[in-house]
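Good morning, everyone, and thank you for making the time.

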Amino acid sequence: MIRMNQLAGGLCLLAGLVLAALAMAMPVGSLSRMGPGFLPLAIAGGLCMIGVCIALFDRDATGIARPAEIRSQLRALAAVLGAVALFALLVDRAGLVPTSALSAFAASFAMRDISWTARVTLSAVIAVICIAIFHFGLRLPVPLIGA
Amino acid sequence: MGLIDGLSLGIDVALSRVNVAYCFLGVLIGTFVGVIPGVGALAAISMILPLSFYLDPTTAIVLLAGIYYGTVYGGSTAAILLNLPGVPSAAVACLDGYPMTRQGRGGVALFLTTMASFVGSMLGLAALVFFADAISDIGLSLRPADYFLLMTLGLVAAAAIPTGSPLKGLAMVFIGLAMGTVGTDIATGMARFTFGVPELLDGLSLVALAMGLFGISEVIVTSSLPRRRASAGGITLRSMIPTRQDLREGAMPMARGAGIGGLFGALPGVGGTIACFISYAVEKRLSRHPEKFGHGAVEGICASESANNSAVQTAFIPSLTLGIPGDAVMALMLGALIIHGITPGPLLIEQQPGMFWGLVVSFILGNIFLVILNIPLIGIWLKLLSIPYHFMFPAIIVFICFGAFSVNGNAFDVWALGALGALGWMLSLFGFQPAPLLLGFILGPMIEENLRRALQLSRGDFGTFVNDGLSVSLTALIVVLVLLAVLKPVLGRRG
């Protein structure tokens, strides 16, 4: 548990340092005339300090998942991110129907106890709902099939 | 504008066919989301956000606000019947609501919480109407330095007060502020952190961020939980009728709860969940039978549900009168207004009286809808709890993708959505809460603008943050909260 907090603090520190490096490349300006780099640099400083405090002092254990929980979530993570990526790839190329059906099919793998028939049916139902809402309802400028 | 003129204008706006329809849709979605454990108000509102851009701004806020207070009503249903809080603030309703169900009085508990919700909402709404003008007037006299301090206080309070680690909350605020700086700097026109990507010049997409942090990561976490076979039947209308003694015991706690909730709801960063716990503790202290609490005390559920709903209404006070959201849900609604081209602030009520009063009347209407949805139609929601609702998750993912895509019509926002979803999931592994991040992201540009103007006016002198009573006390509060956040774990280690 404690080690997770040290890792979390370390990540904050790292984020702060990267942000500081990027912010230094911009004009910082003066207090009365702040440049674009001023606030990012200040944020980076704060983030570094908080990161150190978390690593040294924080004993919080809320939300820190056990390895078993993480393992069970990895499958859902892969399915969901896969579905989002598939959507981003297809939406400009394949049209609304294949995009929604395929991405729903990919997302259905987030659930374990579901049959293949159910997956296919679910994807078809979701595609129909999407056509109704986004094509006929909101008139989204995406063709049903094709680019 | 007087109360009578305001209300009659509000009735014209809120009772238009479109606004009534969207008010009903909002509370319907809200109740649905509230009843189902695992999906919260933030996820629901961020999913509906892109759709709301197709609407007139008043209608959009009527819809989003309806989802917000609808979830609070619905959240207590699963808490009472199944001991599963549908939303975090319903955790208090479990304490006495579930014991009442086990004693066969679940129907009575549902009836009383709905009544308490209605009473709390109406008293909170009265406070909103009563104080809004006065606080807008104060808002007009505030300097950029005061606005900077007020917003900073809101951020620090949102990070430090809720449960979990205050240090991690602060870290999230800073990450959110950093994300808020992405895009073209308004004052200098320079592109910051865009890495040559043209889609980032307008900043990170609020819709992609909110849906990534709340929609995507909630689906990941919830869909991997073992499936619960919940059954909650046997609530008939007849079983919901409370006894005269129930009503007598519940009346004063409802009123006190509304007061406590109204006060805490209007404060930045505190919100309904804390108001629930405090009003519950107050009732337990005041009660002549404190031993009944936790075993089905009517006072407990009445006070906490009234506090919860009152807090939701008064949370609109700082948001609509100063443009300073107290929590992430409010921030999201203000973000929606900004995207519609309306700047929330002290001039909002004067410049958009139709929106303000229309919202007020729509809240009354929405609460009436909620009473109908939660008492005569309660059976529908109970059936909903017993169907395998996780079939919705793939649909939610596809809707979220469409939402991110539809705002600007480009696939880049969908990629951003995926990346932010992965980030949100990773943050949750380390116990980082995403809500302060969202608040920092939305308030960031406003904080920077006010800081810049404040220091420009004072020619770089930090004395402008401590030069009168208000700014001194705000600065002192910020310092105390930050010190508490840092020292709490240090002192806790010794104790």
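I will begin with how the two chains meet, and then turn to what a record says about chain A.

Please keep in mind throughout that this is a predicted model. Where chain B and chain A meet, 62 residues of chain B are in contact with 70 residues of chain A, and the two chains bury about 5,900 Å² between them, with 80% of that area on carbon and sulfur atoms. Across this interface the rule finds 0 salt bridges, while the count of residue pairs in polar contact, with both residues at pLDDT 80 or more, is 6.

Which parts of chain B supply the side that touches chain A? At least two residues each come from α8 (166-180), β2 (191-192), α9 (206-223), α18 (392-408), α19 (412-429), α20 (434-457) and α21 (469-494) of chain B, and the largest share, 9 residues, is supplied by α18(B). If we sort that side of chain B by class, we find 41 nonpolar, 13 polar and 8 charged residues.

Now to chain A, for which an unreviewed UniProt entry places the feature "transmembrane region" at residues 35-57, 77-96 and 116-138. In the model, residues 77-96 of chain A are 75% helix and 0% strand, and the end C-alpha atoms of this span lie 24 Å apart. For residues 116-138 of chain A, the span is 96% helix and 0% strand, with its end C-alpha atoms 31 Å apart.

Note on methods: Residues numbered from 1 in each chain as written. Chains lettered and ligands numbered in written order. Predicted model: local features only at pLDDT ≥ 70, side-chain atom pairs only at ≥ 80, totals over all residues. Heavy atoms only, no water. Contact = heavy atoms within 4.5 Å. Buried area = accessible area lost by both parts, 1.4 Å probe. Salt bridge = Lys/Arg side-chain N within 4 Å of Asp/Glu carboxyl O. Polar contact = N/O pair within 3.5 Å; in protein donor to acceptor, adjacent residues only side chain to side chain. Helix = DSSP H or I, 4+ residues; strand = E, 2+ residues; numbered from the N terminus. Nonpolar A, V, L, I, M, F, W, Y, C, P; charged D, E, K, R; others polar. UniProt positions renumbered as here; feature names shortened; annotations may be inferred.
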